[in-house]
Amino acid sequence: MLRRDPEGRSSDPEAEVRRRTAESFAYEWEHFGQLRQEWEQNFREYLRPHEPESLRNRLVLDVGAGSGRHSYEAHRFGARVVAVDVGDAIHVARRNLPADVVTVQADAEELPFEDATFDFVMSIGVLHHLPDPRRALSSLARLVRPGGHIHVYVYWVPPRRWHRSLLRLVAAVRRVTTRMPRPLLRVLCYPIAAALFATFVLPYRATRDAPGLERVAGGFPLKAYADYPFRVCVNDQFDRFSAPLEWRFTAEEVKGMLIEAGFADVVVLDNNGWIGSGRRPDASLPV
């Protein structure tokens, strides 16, 4: 049995990180968890190279469902969905999701399902916050039936050097913000998001359709926020500065992780991070 201090914290460092991560995301989705019409396009972007329509009648597992926004879209496109989250964020998902979407509170590495149960297992924006992303991916891999797919999204090591320099600054700030009271951090994320909008998002909006400025526009970070409300940027800054752990990967590392986990036809795509997708080989067919 794990020992705990008087405040209920575990003496196991990994368990303590999991606890803090679950609490961080529960707070985040309680305050930023409303569904938005923009989430359909967001889901399409994160699901590439798959089309949402391909999920119809398939049994889908959404691991790290958060507010339930991706589960909601998968269900809307005709999937039978099971949504999982480790912490109290699952209560937000339950409020947001239709009654026929099954919601389960469970750890990504201790999921209460039989092997080879699901047609499609997705974990979008989750693995990079876990103590051992490769181990967690291996745990998810066993749940994919032969011929089914796994689909993940993880933070990237950006290709541009100055983007990497900016992220080193973010990493230094995170040493403080991950320990801050969450209500205070949430308030601070508004001016942070405003500064980012003024510095990157608004200039990108102004140049992306201007003739001859396509190359300039393409160099801006945070371009994804150009088509979303300001509050989405606030939400993501809280996400970035509150989660205890943040791993980053190259495209080659993501591909290698999926192959190592037993998947074929692996595809890795750029979406301001890496989308990784692979197929579980049919036992009767060569890989």
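Predicted model: local features only at pLDDT ≥ 70, side-chain atom pairs only at ≥ 80, totals over all residues.
1. His128 sits in the loop that runs between β4 (118-124) and α5 (133-141). Its relative accessibility is 1%, so His128 counts as buried, the cut-off being under 20%. The side chains of His128 and His129 are joined by a polar contact of 3.5 Å.

2. Beyond four places in sequence, His128 is in contact with Tyr153, Val154 and Tyr155, and also with Leu245, Glu246, Trp247 and Phe249.

3. The largest nonpolar core has 33 residues, and the members that touch the most others are Leu61, Leu111, Phe113, Val121 and Ile150. At least two residues of this core come from each of β1 (59-63), β2 (80-85), β4, α5, β5 (144-154) and α10 (251-260). Another core, of 24 residues, lies apart from it and includes Leu196, Phe220, Tyr225 and Val234.

4. Ile150, one of those core members, is in contact with residues including Val121, Leu137, Leu140, Leu258 and Phe263, with neighbours within four places in sequence left aside. Gly276, Ser277 and Gly278 are also among its contacts.

5. Most peptide bonds are trans, and most residues other than glycine have a negative phi. The bond from Arg48 to Pro49 is cis, with omega near 10 degrees; Pro49 lies in the loop between α2 (39-47) and β1.

6. Ala116 has a positive phi, near 55 degrees, and belongs to the loop between β3 (102-105) and β4. Asn272 also has a positive phi, of about 55 degrees, in the loop between β6 (264-270) and β7 (274-279). Ala116 counts as partly exposed because its relative accessibility is 38%; Asn272, at 35%, counts as partly exposed.

Notes
Residues numbered from 1 in each chain as written. Heavy atoms only, no water. Helix = DSSP H or I, 4+ residues; strand = E, 2+ residues; numbered from the N terminus. Buried < 20%, exposed > 50% of the residue type's maximum accessible area, 1.4 Å probe, protein only. Polar contact = N/O pair within 3.5 Å; in protein donor to acceptor, adjacent residues only side chain to side chain. Contact = heavy atoms within 4.5 Å. Core = buried A, V, L, I, M, F, W, Y, C linked by side-chain atoms within 4.5 Å.
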